[in-house]
Every structure is written in structure tokens, then in C-alpha cells.
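Please read these notes with the model open beside them.

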Amino acid sequence: MSSWRLLLNWMKSSGVSRRTILRSLLATTVAQLSANALSIGAPLLLCLAWTQQHWDNPLQRIAVPLVIIELLAFFRSPLRYLDRMHAHRLGFAAVTQWRVWLTRRVATWSFRSTANTSRADLLQQSIGDIDHLQDVWLRVTIPLVASMVSFLISLGIIVEVLARQSAGVQGEPLFIGTLLLVALLVFVILMSQLNRAVRSVRVLRQAHQKGFEELFDRAQLATELSLLGAAAQDQHFDQPQQYEAWQQAQSRVEIWWRRVDLALATVSGTLVVVASSVAIKDIAFTSTETSNTIVLGVLAASLTGELFAIWRHGLQAAGNAVVTIEGLEARGETSARERGGESWPTKVTEFNVQDIFACTPGSRIAVVGPSGSGKSTWLRGVANLEHAGATMLANSTYLNTLSENELRQHVGYVPTEPHFLGTTLVDELTLGRTNLAPWVPLATAFGLSTDPSVRPSECSRGERHRYALVRAMVAEPELLLLDEPTAGLGNDERQLLIRALWASKATLVITTHDPDLIAKCDVAIPVETFRG
């Protein structure tokens, strides 16, 4: 998909009403016309007033245009205020719809691709990116369209003034045609450089991330290296390669934008010279009218230069917006392998743990090993939460070939430290899911309160873990993966938990040190077995 098409699709998805867009476009156009009136109309008024022969008093020739200029400056402030007010309304409307898209997108994020990053951090970063995407409207679309409209209106006013100066203007069509043709060519060439701008932003952001990570790693090592002496510090801090690559990338990008600015300035300067030449050679007026025409030509060429500057900033904002959109669409996205191509067997007759141990549904398997041996990591790999090389089969179907949505429908996972949303009991246990088993009997079997006002996040560690077990078991999974389910529990609580778990029809795979729990399992497998 091309960069411009990507921007267009996102603008359509913002759902902003035509009335809001037109109001913002009108306000921006009027504000730019007021700016043109000050930058171009002010010297024009002074020039015209000075050449009025029926004004004998020099003060009168100055006072009248100054009053008009002061009125223009007075009205410019409220016009700019209206421009910003409508721009904020447009940006707010767009961001509101994009945040709805983000809310739906978060639900599809891959567990595995986001395993090493806090979901809250990703969400906060995504919300910030969404807010910055207002630039698609406020710094790209609206300014580009408004600048063209205001340019044509201002150019029409200049043409009208030229026509009123004298009936015999020989060089005016050539001059105006040249301005329009050059402006069109510059616009097409400049906008065709969007892909180049996007690549420069990508390179700069990647280099910035790597350079920042290198500086962060060095900062963490600083304390340890300081204890080893200056030689160790010099050895590790002598050449920050990623940081230097970041600086070099930034320099290359700045050089490219400076070349763009230089090219635009050259075109604008050439137009001023051409405008002056055309006015002097091809337009035969009296000396007073000729001077006015030179001023008008130079002002028209200067107006074109201001137009180029708006387009240039629009191009840079468009490049940043495209890279931001690409990051949002790719964030949390599953790979082809993670999306999976297999479906869960309609009837599971056998589970097989890494082709080492086969078991029938309903078996209880203990995975044992000393602390730090990798039991939790292996279990997360089985749950497809990270790339741990752990696999498990249901009949002939590998779990890591299933899509995450289908996997979650048949497999439950309870970590050692479960997380809760901080809301009420019913919401915590159901999570908005339907077709669940009744949770009250399960909570009672685990010796937990069924009071709807209870917040599991405020309960003790043991109670939180048991509520997490209830949350996993109400979905009636066929395979239940449990990481140290009896850790931190008293003897009575442990026995209660084991009885409740053994009442389940699910196949249990449990990592544990608990001798009572291991004794009740059908088989105990050392975690080292899965590394062969």
C-alpha cells in the first residue's frame, strides 16, 4: 500500500463529518488570507498610496494604508483563534474514532509478541501515537488544501490590481501562467518525495531506539564498572557505536531536508528575479505604474515561496504520520506462525508432551525441578506465551500451530502471580465472556467468598491465586497449565485446592515443588527431560 493511500484510508476511518472538515478548512483559509494580506497587501497598499497623484499631502499617503494595515492586523488574531478552535474540534473528532479502533485492536494483540513489554506501556505509547496522528488533518490535509485556495485567491487579487493599473498589460498572462505552472510542478515533485521522507523517518527512529538502548545499557553498567576502575570504564565506554550511528543517521536526514529547503528557496528566488524581469521588459507603463507592477510581481513570487514552505512542512508531517500509522498497525501483530493454520481436534483422545510422554485426557502431570531450572519458562512456552521451544500435542495437533483465539478457548493458564483488573468479583471472574460454567460452586469449592462486592485484587496472595484458578476453570478448558498453584498456602488450603482441582475433568500440567501435590499426580517428569 502506498503512503498516500495509507494516509487516505486513515482519514476515512476517522469518521469526521463533512461539516467539521469544511468549517476547519474555511477557518484555515481565511486565517492564511489574513496572513497574506499583511505580508503582501501591506507593501502593496503603501506602494499604491504613494503613487496616488491626487493625494498631495505625504502624511495622507502614509496614514490611509497604515490604518488599513492596522485593521488587518487587528482582525488577524480572532481569525487565528477561530482557526485553532476549529482545528482542535477536527482533531478531537478524529482522535475519538481512532481510539475506538485502538480499543478493539488491543484485544487482538499477540500475547507472545507483547510478552516482554508491559501492556500498559504499549497502550500508553499507542494513545500518544494516536494523539500525534491529528497531524494527518491539522498539518497535512487542511494546510495543503487551504494554502492552495488562499494562493489562488491572493493571486486573483494581484491580477485584479494589475488590471486596474492599466488596460494594456502585455506580460501579465505569461507571468501568471508561469507562476501557476511552477507551483504545480513543485507540488507534484514535492509530494512524490513522500516515500523518501518516510524512509528517512524510519531510519532515524530505528537508529534513535538502538542508540537509546545502548546508552541505557551503559548507564546500568556504570556503577559496576566504576568499581573495576577507569580502565574498565574506558574499555566499555570508549566507542558507543549505536549512539554514533544514531547521530550519523540524524545528520543524513537533516542534510536531505536542507537540500529540499535549498531547492525550494532557489525556485522562489528565481521566480522573484523572473517576475522583476518580466515587469521591467514586457510591461510598458509610465514610471509610476511600472514600479507598482514590479512590486506586484515580486510580491506574487514571494507568495509562491510561502506556499512552498507550507507544502514542505506538510510533507515532513506526512512522513512522520505514515511511520506512526505503520507502527500502530504492526504493534502486537501476530506472525504467520502465531496465527496458526491448525484447528483444535473435535475430540481429544491423547495429549503428548514433546513426544516424550503420552497421556489420556484427564491425566495429572507434575513437571518438577529445582528453582531456576526453567519450569515456569517451559510452561509459558507450552501456553504459547513466549518463544521457549516448548511444544505439546493434542492428538496430532501442536499447540503452537493454533491461533491464539482458538488456543485460549481450549487451554487455561494460571501463573504464579496472577493479575487482576481491580474491579468487582463477577467482572474479574467472567471477563465479559459468555457460555461459562457457574463460578459460585467453584469459588465455594476453593473456600472463597462469593460476595459480589469482593475485589480479588485486594485479597491475600493465596486468595488471589485461588480466584485466578476459578477464573481459568469457569471456561472449562480441556488442558489446564498451572505454575506453582500451592505456593504460599497453608496445609488446609493446599488440601482444599488439590481436592477442587482433582474434581475437574481437564488435563492438568503442574509445575511444583509440593511433595503432596507431586504424590497425587499420575506422573512426575523432570523439566530437564524437555531439553533433550
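1. Helix α16 (residues 461-473) packs with helix α17 (residues 491-502) at an angle of about 5 degrees, and their axes are 12 Å apart. Axes here are lines fitted to C-alpha atoms, for helices over the stretch in contact, with angles running from 0 to 180 degrees between N-to-C directions.

2. On the α16 side, Arg 466, Leu 469 and Met 473 meet Glu 493, Leu 497, Ala 500 and Leu 501 of α17; contact means heavy atoms within 4.5 Å. By class, five residues in the contact of α16 with α17 are nonpolar, none polar and two charged. Ala, Val, Leu, Ile, Met, Phe, Trp, Tyr, Cys and Pro count as nonpolar, Asp, Glu, Lys and Arg as charged, and the others, Gly among them, as polar.

3. The model is predicted: local features need pLDDT of at least 70 and side-chain atom pairs count only at pLDDT 80 or more, while totals for chains, interfaces and linings use all residues. Residues are numbered from 1 along each chain as its sequence is written, and side-chain values use heavy atoms, with hydrogens and water left out.

4. Rings of Phe, Tyr and Trp (its six-membered ring) pair if their centres lie within 6.5 Å; planes under 30 degrees apart count as stacked, over 60 as edge-to-face and the rest as tilted. The count comes to five aromatic pairs. One of them is the tilted pair of Trp 10 and Trp 98, 5.7 Å centre to centre with 50 degrees between the planes. Trp 10 lies in helix α1 (residues 3-13) and Trp 98 in helix α3 (residues 58-106), so this pair ties together parts that are 88 residues apart in sequence.

5. Are Trp 10 and Trp 98 buried or exposed? Trp 10 is buried at a relative accessible area of 5%, and Trp 98 is buried at 1% (buried means under 20% relative accessible area, exposed over 50%, partly exposed in between, with a 1.4 Å probe and protein chains only). Trp 10, Trp 98 and Trp 101 form one aromatic cluster.

6. An open sheet of four strands has the order β2-β1-β4-β5 with antiparallel pairing; two strands pair if DSSP finds at least two bridges between them. Helices (H or I, at least four residues) and strands (E, at least two) are DSSP runs, numbered from the N terminus.
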